[in-house]
Amino acid sequence: MANVNTAIIYYSSGGTNYQLAQWAAEGAKQAGSEVKVLKVAETAPQSAIDSNPAWKANQEATQHIPEASLADLEWADAIIFSIPTRFGNMPVQMKQFLDLTGGLWFHGKLMNKVVSAMASAQNPHGGQEETILSLYTSMYHWGAIIAAPGYTDPSLFAAGGNPYGTSVTVGQDGKMIEDVKEAVMHQAKRTVTVADWVKTGLGKP
């Protein structure tokens, strides 16, 4: 396998997508990739965060995670996003980060990146699929290559069968309802594998 660099970029207020990112990192490392786990910058006011115990606790628990930068996107061969849904769309924190990539896009620095995405919501049909697809729209503009999991492994059926990317339902207690760890790890391994094919095919070291 070529030396594949994988950036796992997430936004999480309650900790779910942070956990998904950790599982994705585990899978990517097992596939032989160099991995960075990164969070996008928080845009909500601190007063709002402080008023929500789970949000505040997650902020404190992830202080050690570096914020994603444009340099990280340029470094990466594979990029895995993990986000909660906001009315069937990505959260503004992730949208702001993507909106800053115009310079990289203009200079062709984002084409042929291999990307995949995961999502969470509080209801089984709370917009997870549409959230992933909305994020992929930006990737098409990049000229990136989408590595959707499809139905390439039995773990995806156990996780709920979302072919666009692993998704999970979070109960009122803040815990995940579906068992998605194996599906997340498979998706990460698949993304790294596709990135290896692309990188090798392009003749990159």
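1. Let's start inside: the largest cavity holds about 40 Å³ of space. Keep in mind as you look that this is a predicted model.

2. Leu156, Ala159, Gly161, Asn162, Gly165, Thr166, Ser167 and Ala183 line the largest cavity. Sorted by class, its lining comes to 3 nonpolar and 5 polar residues, with no charged ones.

3. Next, the open spaces. The largest pocket has a volume of about 550 Å³. It is lined by 24 residues, and those closest to its centre are Ser13, Gly14, Arg86, Gln122 and Val170.

4. By class, the lining of the largest pocket splits into 6 nonpolar, 16 polar and 2 charged residues.

5. Two packed helices are described by the angle between their axes and the distance between the axes. For helix H1 (residues 16-30) and helix H9 (residues 181-201), the axes come within 7 Å and cross at roughly 50°. That angle is why H1 counts as oblique to H9. As for handedness, the crossing of H1 and H9 is right-handed.

6. Who touches whom here? On the H1 side you'll find Leu20, Trp23, Ala24, Glu26, Gly27, Ala28 and Gln30, and they meet Lys181, Val184, Met185, Ala188, Lys189 and Val192 of H9. Grouped by class, this contact of H1 with H9 has 8 nonpolar, 2 polar and 3 charged residues.

Notes: Residues numbered from 1 in each chain as written. Predicted model: local features only at pLDDT ≥ 70, side-chain atom pairs only at ≥ 80, totals over all residues. Heavy atoms only, no water. Axes fitted to C-alpha atoms, helices over the stretch in contact; angles between N-to-C directions. Helix = DSSP H or I, 4+ residues; strand = E, 2+ residues; numbered from the N terminus. Parallel < 35°, antiparallel > 145°, perpendicular 65-115°, else oblique. Left-handed = near helix turned anticlockwise from the far one by under 90°. Contact = heavy atoms within 4.5 Å. Nonpolar A, V, L, I, M, F, W, Y, C, P; charged D, E, K, R; others polar. 1 Å grid on protein atoms, 1.4 Å probe; cavity = no way out; pocket = protein on both sides within 12 Å on 5 of 7 lines; lining within 4 Å. Points joined across faces, edges and corners; volume = space filled by probe spheres on them.
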